Amino acid sequence: MKFLLVFDFDYTVIDENSDTWIVKCAPEEKLPNKLRNSYQKGHWTEYMSRVFRYLGDSGVREDEMKRTMTTIPFTTGMRDLLDFIGKNKDLFDCIIISDSNTVFIDWILKAANFHEVLDEVFTNPATFSGTGYLTVQNFHTHHCAKCPKNLCKRKVLEEFVDKKLHQGVKYTKIIYVGDGGNDLCPVTFLKKDDIAMPRKGYTLQKMISQMSEDLDPVQSSVLVWSSGIEILSHLKLLIKE
């Protein structure tokens, strides 16, 4: 018996958007209007590249960014949930698929001592340049019309499950925990024995509800959550089964 837990990061593991939290480092904690208005739908990573360039130009350095990012709050109950998963790694594989970046997620998980709970983190690769600027790249290229151009979470999930299958691991269930519009595509990959867990009141829950109303429901069961404790309770039930 082996379960795969798939987590989004922003507004799921943490109770904020890591990319907008970094703006606290900017002069007066805000971005110039011209920069703020330069975002184009589906091109978030390019937008964040410009934000990081602005922060670099403003003299914001790595240690200050790290200090700011590690104050980001975890979603209620998520610390307990990750603790539980960490103590039951024989039963759970656990991955993050996120539109954030490797630097932010690494900082946040390591500061909270959760980096070893995760088997893999799939997100946009970021690094500090020789001049101290944070740079970020697209995670991959894909041909999915539904997803932002830098990341199709379904493609990542499919490839991961396929890789594990080749290693002899077939999951009893996949449990997908997320909140946003870009979490719908991977949820449509789930089968009837799997569980989609959208956060209550967020975009993913609304989109899944709309699909049911349109008589095109997702194949998996759907369990709505508000805190990590509810997810934890459900995992305990699954283990008992």
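Two strands pair if DSSP finds at least two bridges between them, and helices (H or I, at least four residues) and strands (E, at least two) are DSSP runs, numbered from the N terminus. This is a predicted model, in which local features need pLDDT of at least 70, side-chain atom pairs count only at pLDDT 80 or more, and totals for chains, interfaces and linings use all residues. Residues are numbered from 1 along each chain as its sequence is written, and side-chain values use heavy atoms, with hydrogens and water left out.

**View 1. The open sheet is formed by six strands in the order S3-S2-S1-S6-S7-S8, with parallel pairing.** Strand S3 (120–124) and strand S8 (221–222) stand at the edges, each with a single partner strand, so one side of each has no neighbour in the sheet.

**View 2. Strand S1 runs parallel to strand S6 (residues 173–178), joined to it by five bridges.** Phe3 has Lys173 in S6 as its bridge partner.

**View 3. Helix H10 (residues 228–240) lies across S1, S2, S6 and strand S7 (195–198).** H10 runs at about 175 degrees to S6; such angles run from 0 to 180 degrees between N-to-C directions, and axes are lines fitted to C-alpha atoms, for helices over the stretch in contact (heavy atoms within 4.5 Å).

**View 4. Asp8 is found in the loop between strand S1 (3–7) and helix H1 (18–21).** Beyond its neighbours within four places in sequence, Asp8 is in contact with residues including Lys153, Asp179 and Asp183.

**View 5. Asp10 also has its place in the loop between S1 and H1.** Asp10 is buried, with a relative accessible area of 13%. Leaving aside neighbours within four places in sequence, its contacts include Glu16, Ser100 and Asp179.

Note on methods
Buried < 20%, exposed > 50% of the residue type's maximum accessible area, 1.4 Å probe, protein only.
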